[in-house]
Amino acid sequence: MAKLDLPVVWSDEVLRHLPDAEIWIGVRTPGTELPERATVLRAALVGAGARLVQARPLADELLGQAHDPALVAHLRDIYREWVDGGYLEYQNRVVPYVFPTEAMLEGLPLRRPTAVHARAGQFCYDTMTLVGPGTWPAAQAAAHAAATAADLVAAGERAAYALCRPPGHHATRTGFGGSCYLNNAAVAVLALQRAGVGRVAVIDVDAHHGNGTQSIFYDRADVLYTSVHVDPGAGWFPHYAGFADETGTGAGEGANLNLPIAPGSGDQPWLAGVRRMAEFVAGRADAIVLSLGVDAAADDPESPLQVTEQGYHDTGAILAELGLPAVAVHEGGYHLPTLGSLTVATLTGLTH
Ligand code: SP5
Ligand code: ZN
């Protein structure tokens with residue numbers, strides 16, 4: 001196969017997040033978003049000929065644009081507060097138990113709870129996205145990688161890939177969940193725009209809907225968001241977002257396109273969705289950010305889609321026809337034996 005001529009932005013820090021567990025319907029199950037994902041990806045990409053570039057700390061000011069600064073401070077501080085509060089006796093990770101939902105507050109102001117165990121849920125919207133000692137440095141490094149890849153593209157690379165871990169597309173302006181803490185794709189968008197790129201389209205090919213990215217840009221006309229994903233209405237995460245009638249709001253009306261597909265779907269419905277996303281973006285963007293999850297693949301344990309390696313290659317090739325500079329940001333994909341080849345296939349399609 002032809003050499004993959006592409007910068008891969010990497011930081012050793014991404015390995016420091018060890019999820020340990022996911023609490024699913026009250027059951028402590030092993031975490032699936034493991035550091036081995038990153039080492040497997042790195043080995044596959046280097047094996048395919050890509051060059052490694054170190055992530056630079058370019059994202060910190062952008063984090064405050066993508067997110068409520070209080071969320072960023074929470075992610076930075078909460079594990080230390082958990083330790084200092086003596087909670088390690090109960091749980092080796094920060095695990096929330098009460099969530100200040102709209103249903104609880106019903107218009108009351110959101111206060112910062114006194115108890116650390118209550119604070120644990122202030123910005124977190126599920127029980128599967130635990131915070132440990134290395135979570136903040138890894139999440140920060142992933143955001144730095146996304147910004148570095150965006151800067152490489154703004155400086156003239158046709159494409160760059162950020163090997164982000166933990167992933168980001170489920171992180172909203174004020175909330176984290178779905179194994180995501182900071183929204184790396186949003187950081188890439190903002191970094192491109194800081195470098196002078198006007199209109200950016202986020203194309204999300206993770207198996208799940210990127211509710212965080214959608215919501216961060218929902219009212220913006222200059223940032224398109226489009227996603228093909230397993231239908232949340234058929235019972236799949238993120239359950240509350242990702243429906244076809246979510247089309248944007250205010251100035252952003254018409255700048256959001258969701259393409260939910262049925263569980264069990266393979267290459268044909270998937271690639272039809274990818275073509276529709278490309279048509280949606282054509283003529284309306286100056287660069288793309290590809291939220292690249294490979295968990296729609298048949299072997300993946302986290303989704304019921306049945307996309308093949310050829311399907312992922314064709315996904316990249318269809319998007320390449322847009323002729324736009326592309327920043328690829330890694331999202332999901334949990335089947336370690338195939339994660340690398342699926343990602344190489346997509347990026348090969350995108351760059352040849
Ligand atoms: C970035 C990304 O792909 N996030 C996906 C998160 C989906 N998590 C939903 C979990 C649903 C329950 N799965 C059971 C596995 C137990 N370990
Ligand atoms: Zn996913």
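Predicted model: local features only at pLDDT ≥ 70, side-chain atom pairs only at ≥ 80, totals over all residues.
Q: Which residues are the protein donors of the zinc ion (ligand 2)?
A: They are Asp 206 (OD), His 208 (ND1) and Asp 295 (OD), which lie 2.0 to 2.1 Å from the zinc ion.

Q: What spacing do these donors follow along the chain?
A: The donors of the zinc ion follow D-x1-H-x86-D.

Q: Where do His 208 and Asp 295 lie, then?
A: His 208 is in the loop between β6 (200–204) and α8 (211–216), while Asp 295 is in the loop between β9 (287–292) and α10 (309–320). The pair therefore ties together parts that are 87 residues apart in sequence.

Q: Is His 208 buried or exposed?
A: His 208 is buried, as its relative accessible area is 7%.

Q: And Asp 295, buried or exposed?
A: Asp 295 is also buried, with a relative accessible area of 0%.

Q: What about the angles at the zinc ion?
A: Among the 4 donor atoms the angles are 96 to 135 degrees, and the site is classed as irregular.

Q: Turning to ligand 1, how many residues surround it?
A: Ligand 1 is surrounded by 17 residues, and the closest are Glu 22, Thr 29, Gly 178, Asp 295 and Tyr 334.

Q: Which side chains have an N or O atom beside an oxygen atom of ligand 1?
A: Among them are Tyr 334, at 2.6 Å, and His 208, at 3.3 Å.

Q: What does Gly 178 contribute?
A: A backbone N or O atom of Gly 178 is 3.1 Å from a nitrogen atom of ligand 1.

Q: How much of ligand 1 does the protein bury?
A: Ligand 1 exposes 510 Å² when taken alone, and the protein buries 83% of that.

Definitions and conventions: Residues numbered from 1 in each chain as written. Chains lettered and ligands numbered in written order. Heavy atoms only, no water. Donors = N, O, S within 2.8 Å, 3.2 Å for Na, K, Ca; no water. Tetrahedral: all angles 85-135°; square planar, octahedral: opposite > 155°, others 65-115°. Helix = DSSP H or I, 4+ residues; strand = E, 2+ residues; numbered from the N terminus. Buried < 20%, exposed > 50% of the residue type's maximum accessible area, 1.4 Å probe, protein only. Near = heavy atom within 4 Å. Polar contact = N/O pair within 3.5 Å; in protein donor to acceptor, adjacent residues only side chain to side chain. Areas by Shrake-Rupley, 256 points an atom, 1.4 Å probe, with all protein chains shown as cover.
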